[in-house]
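I opened the file to look up charged side-chain pairs and one stretch of strand pairing. My entries follow in the order in which I checked things.

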Amino acid sequence: MEGPRVGVLARRISESTVRRLSFYLRILEEAELGGVGTISSEELAERAATTAAQVRKDLSLFGSFGKRGLGYAVRQLATELRDILGLDRSWRVALVGAGRIGSALFEYPGFRRRGFEIVAVLDADPNKQGKCWRGVLVRDVAELEHVLRAERVEIVILAIPAPAAADVSARAVAVGVKGILNFAPMQLRVPAGVAVKDVNMVMELEALSFALTQAGRTPWG
């Protein structure tokens with residue numbers, strides 16, 4: 001199996017492709033746990049609700065995987081996808097916002113399993129500051145720059161109201177943070193070279209509402 005080709009990231013890879021790669025990885029990991037040694041593009045496509053042609057196209061962006069008639073070696077392909085997705089290492093993460101969303105994110109075990117280690121928690125509320133979350137002290141957001149530098153933070157999660165998000169993101173970018181996961185209901189403006197992923201749960205529900213409306217009715221409509 002030939003690994004990812006040098007320079008592949010110089011080409012723009014669509015977000016939908018990246019999401020499918022992440023889905024393929026989960027399928028492969030489940031297959032490996034089940035003792036499956038090889039998997040075909042058809043089997044992978046069926047579980048991912050896509051087509052075999054799409055699977056082959058997605059993987060071909062990063063190299064040559066598998067052998068015709070034999071399929072993909074599950075363990076090897078899972079290893080390659082972890083490398084492509086940057087999951088072959090750990091990431092140091094700061095969580096800004098110690099409210100309900102922030103607390104739920106901190107406790108989510110999937111982050112740690114994937115190598116995303118929340119090493120700092122910050123909040124503007126004095127009533128939350130000083131509390132200890134599994135060994136991580138909740139710090140004053142006024143200390144943001146110092147904490148990000150001291151903890152060598154690479155990714156910042158924003159779980160704060162929209163009015164504060166722009167300022168906090170700008171401060172984080174100013175000290176060198178290149179990745180932001182934004183739960184605030186607003187579009188952040190960041191310099192080129194900084195990756196921002198927005199998670200707007202209201203917009204997701206609105207999209208679902210649109211899909212149901214266009215399809216006709218809800219079951220009790």
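Entry 1. I began with Asp 58, which has 1% relative accessibility and is therefore buried, the cut-off being under 20%. I note here that the model is predicted.

Entry 2. I looked for the partner of Asp 58 and found a salt bridge with Arg 20, with 2.7 Å between the closest N and O atoms. Arg 20 sits in helix H1 (residues 15-33) and Asp 58 in helix H3 (residues 52-60), so I logged the pair as one that links distant parts of the chain, 38 residues apart.

Entry 3. I turned to Arg 89 and found a salt bridge with Glu 154, where the closest N and O atoms are 2.5 Å apart. Arg 89 lies in the loop between helix H4 (74-84) and strand S3 (91-96). Glu 154 lies in the loop between helix H7 (144-150) and strand S7 (155-158). The pair therefore ties together parts that are 65 residues apart in sequence. I noted Arg 89 as partly exposed, with a relative accessible area of 36%. Glu 154 is also partly exposed, at 25% relative accessibility.

Entry 4. I checked Arg 139 and found its side chain in a salt bridge with that of Glu 143, at 2.8 Å from N to O. Arg 139 has 24% relative accessibility and counts as partly exposed. Glu 143, at 30%, is partly exposed as well. I then looked for salt bridges that share partners, and noted one network that joins Glu 15, Arg 19 and Lys 197.

Entry 5. How many salt bridges does the count come to? I recorded 14 salt bridges.

Entry 6. I found S3 mostly covered, with 5 of its 6 residues buried. Which strands does S3 pair with? S3 pairs with strand S4 (residues 116-123) in the parallel sense, over 6 bridges. I picked out Arg 92, whose bridge partner in S4 is Glu 117. S3 also runs parallel to S7, and 4 bridges join the two. On that side I noted Val 93, which stands opposite Ile 155 in S7.

Methods:
Residues are numbered from 1 along each chain as its sequence is written. This is a predicted model: local features need pLDDT of at least 70, side-chain atom pairs count only at pLDDT 80 or more; totals for chains, interfaces and linings use all residues. Side-chain values use heavy atoms; hydrogens and water are left out. A salt bridge is a side-chain nitrogen of Lys or Arg within 4 Å of a carboxyl oxygen of Asp or Glu. Buried means under 20% relative accessible area, exposed over 50%, partly exposed in between (1.4 Å probe, protein chains only). Two strands pair if DSSP finds at least two bridges between them.
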